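Dear colleague,

I am handing over the structure below, and after it you will find some notes on what was found.

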Amino acid sequence: MPVQLLKIVKEQSETPLPSHLQKEDLKHLQEGSDHTNKYIQGIVVLSYPLTKLGDGTDFFKIVLQGVDDLCSRDNSINILIYGKMAEDCAKIIRHGDTFIVAGFKVIKSPTAREDGRHGCHLEVSEEDGSAIYIYTKPRTATASETAFVSIAPKYVYTPLNQLKDGTIVNLYGVVKFFKPPYVSKGTDYCSVVTLVDPSNVKLTCTLFNGNPDSLPKIYKVGDIARFHRIKIREYNGQMQGITSGGFASLTFDGTVGAPVVPRTSSKVYTFMDEEHKTIEELRVWAASNISISGPAAKLSSVQPMLFFDLTCQLVGKAKVDGSSFLLKVWDGTKCPYPTWRVPVEAKDLEGERVLLYQLRNLMVDILVYDNHVQLAKSLKIGSFLRIYSIHAKQASADNEDVSHIEFHLHGGTCYGRGIGVLPENNPDVKELKTFLESVDLADSQNMESMSSVELDGTFSDFTDLESHLQRCQQLPVTVLTDHQDLNNTELKTIMNSTAPQQYRIRAKLRTYKPQKLHQSVKLHCSKCNSLQEVPDGDVFDFILQRSAMTAPNPELHNSSWYDSVMWTTQDQKQRKIAIHFVKHDEMLRQPEDTLLMIEGGTLKEVWKLTKRFKCVIPVRSTEVDLELLDLSAPFLLQGNVKYYGCKQCSAPKPIESLSSMAAEERPSWDPTEIAQVLGIELLQYVFIMKFTLVDGTGALNAYLFDYEKFFQIPASEILTNNFLQKKMQMTMNMLCPPGRKLGDLPWLECFIKSYNVRDAMKHQVCYQIFDTTVAEDVV
């Protein structure tokens with residue numbers, strides 16, 4: 001019963017509060033603390049009209065004054081109520097009512113500085129298991145008595161074949177495919193889940209949350225999922241599900257006969273007895289209608305060149321470089337093939353040394369890349385994992401008579417690639433722990449000592465460049481990403497052929513320009529095909545100083561879609577600075593999700609804001625509107641990246657145009673979308689280099705025109721990231737080692753295409769590298 005209007009008899013509640021609830025003082029509320037079984041009590045001093053959010057969820061806001069101090073403003077707190085509870089409360093709450101709430105979320109308040117209230121606000125909804133008790137003022141002639149009202153949640157579940165575009169529904173389904181939570185392009189984590197049900201319709205859901213533990217806890221195909229308040233939209237003729245305000249989930253083991261135990265990160269949730277029947281019916285249906293994966297593979301059954309899922313325990317981990325990370329795991333069985341040991345520094349290896357030594361013949365090294373690195377770093381030694389779509393890669397060094405297996409978790413999320421952490425009560429974990437406890441480690445010490453190939457020694461110095469180059473000579477230097485049907489062509493043949501054509505070549509990189517790699521980064525306009533140098537930071541600083549001479553126009557502050565603050569600096573110049581915070585659904589968002597506009601700021605102040613907020617746009621005031629600065633300056637800053645617009649192709653629109661993005665359900669603040677809304681033709685950062693390639697039959701110059709594919713480094717980040725600069729330099733030192741003779745240079749495989757360049761005076765054939773990338777194992 002989430003909302004109760006209580007009956008008062010002789011100034012006492014006829015119905016007492018649940019005995020497990022304890023009162024919490026407002027001053028003790030803070031984000032991150034455990035407030036389970038606590039309640040907050042106060043007097044309703046202000047309420048706002050019931051509204052609907054962009055996704056259709058009802059929203060009701062009240063201000064609660066603490067009963068201990070009815071005069072102090074900082075003893076009051078904002079209560080944000082969502083969904084059915086918002087509608088119910090809006091009907092019955094009046095100023096002066098005594099309001100009690102339990103099962104709330106404590107969130108940092110973005111408006112505390114402006115309204116002077118508590119530094120946090122409370123969020124309340126049915127899906128969080130919240131409960132509200134209202135001691136209301138008399139509404140009838142019977143002095144101090146009112147009727148007892150109770151509103152219980154009723155959930156209706158929609159079959160997948162009855163979903164309609166634009167609706168928010170509750171549903172059950174069987175997991176047919178899923179991607180474990182991964183870091184999205186924004187600040188949130190994302191998980192993709194495809195559900196099916198007896199209506200033989202499938203629904204793919206894309207779910208976002210800032211906390212990966214709040215996403216559905218799915219461990220394998222065949223699990224049962226219950227989603228509350230998921231939004232349905234139609235795309236390309238197919239229904240899709242996306243998270244909406246108040247989204248909540250429960251998941252269950254899909255095995256017939258297994259205990260019905262909900263998995264959720266929420267401490268309070270509703271689960272009715274009749275839902276047990278729904279779970280069992282879906283289990284029986286799934287067992288005979290979808291292909292449910294069996295147990296994950298064991299290391300003892302792994303075969304070369306296959307992809308497999310592994311349930312294992314983490315015994316060690318170490319950083320390798322910025323784009324890869326090492327996990328040392330075991331499952332109690334021994335891989336039948338020699339395995340690779342990834343060389344790392346001893347100081348970088350985490351784990352119990354004695355155990356690592358004892359398990360040296362049973363554990364394997366798994367190298368994880370790119371988007372999986374962040375999660376891998378956060379894993380705790382001893383935790384139980386399910387790693388999805390590991391690649392058992394067969395490889396051999398030139399001086400080896402036998403091949404060995406390397407285990408890689410490649411970047412991306414294709415085929416459900418990812419890492420899941422399993423809880424201790426997971427049935428597979430219980431089975432694995434029992435098995436691991438039965439393994440005789442003494443026997444494993446007598447195994448053949450060469451069960452693993454020690455390529456460079458387990459604790460070698462991986463940062464030593466010479467050692468690294470020797471290792472790289474055993475690996476493919478470049479990877480061809482397409483056109484596998486093309487055969488190698490000699491450079492001499494290419495230079496004697498007409499253009500345009502495409503070729504596959506095997507050659508060595510004799511030299512490259514520019515030698516100073518930061519000079520290779522340019523700005524490219526895809527519309528007019530122009531190239532320009534990246535502007536110097538002094539230019540931006542000068543434009544900001546010039547703009548600061550004009551004071552912000554107060555008449556442009558606090559519009560319907562942004563809130564403004566302005567202050568005057570305490571130095572001699574008495575400079576006025578204005579910051580405009582873009583709102584979403586009439587509310588400010590967390591800093592990491594907020595776009596702001598600044599007037600009158602210095603270069604140092606602007607960079608400081610980019611470290612706290614998602615996007616910063618420098619603007620200036622006119623008489624009627626805010627406008628962008630000169631396009632010689634960046635129109636947008638995000639993190640360490642400055643985004644520029646093409647002066648020739650851009651037609652800047654009023655800043656007011658951003659209000660359409662602010663009104664979206666989940667504004668992404670993607671630079672490309674922002675540029676489009678503002679009428680800016682976005683300039684792309686690009687690497688421009690000239691490679692001189694030789695193969696014994698001839699030599700030719702091929703140009704590299706690449707945004708991020710070749711080096712696997714974004715050109716937009718290289719100028720402000722010292723680590724990426726060092727990584728790029730190491731890559732070039734590997735492709736073209738300094739001081740080496742031509743015969744000692746590594747061979748590169750790549751695609752090049754020829755094209756004609758003509759003007760009034762001459763005709764020339766040029767060559768460009770394409771569909772080629774540096775191997776991910778190299779740097």
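Leaving aside its neighbours within four places in sequence, Ile 617 is in contact (heavy atoms within 4.5 Å) with ten residues that can be named here: Leu 595, Leu 596, Met 597, Ile 598, Leu 628, Phe 635, Leu 636, Leu 658, Ile 674 and Leu 678. Please keep in mind that this is a predicted model, in which local features need pLDDT of at least 70 and side-chain atom pairs count only at pLDDT 80 or more, while totals for chains, interfaces and linings use all residues. Residues are numbered from 1 along each chain as its sequence is written, and side-chain values use heavy atoms, with hydrogens and water left out.

Ile 617 also belongs to the largest nonpolar core, where, of 67 residues, Met 597, Ile 617, Leu 658, Ile 674, Phe 691 and Ile 752 touch the most other members. A nonpolar core here is a set of buried Ala, Val, Leu, Ile, Met, Phe, Trp, Tyr and Cys residues joined through side-chain atoms within 4.5 Å; buried means under 20% relative accessible area, exposed over 50%, and partly exposed in between, with a 1.4 Å probe and protein chains only. Apart from this core lies another, of 43 residues, including Phe 178, Leu 207, Phe 247 and Leu 422.

Turning to the aromatic rings, those of Phe, Tyr and Trp (its six-membered ring) pair if their centres lie within 6.5 Å, and planes under 30 degrees apart count as stacked, over 60 as edge-to-face and the rest as tilted. By this rule there are 12 aromatic pairs. One of them joins Tyr 157 and Tyr 172, a tilted pair with 5.0 Å from centre to centre and 55° between the planes. Tyr 157 is partly exposed, with a relative accessible area of 25%, whereas Tyr 172 is buried, at 7%. The rings of Phe 308 and Phe 407 have their centres 6.0 Å apart and their planes at 80°, so this pair is edge-to-face. It links distant parts of the chain, with Phe 308 in strand β19 (residues 307-321) and Phe 407 in strand β24 (residues 404-409), 99 residues apart; strands are DSSP runs (E, at least two residues), numbered from the N terminus. Both Phe 308 and Phe 407 are buried. Finally, Phe 687, Phe 691, Phe 710 and Phe 711 form one aromatic cluster, and Phe 691 is also among the core residues that touch the most other members.

With best wishes

How values were computed
Helices (H or I, at least four residues) and strands (E, at least two) are DSSP runs, numbered from the N terminus.
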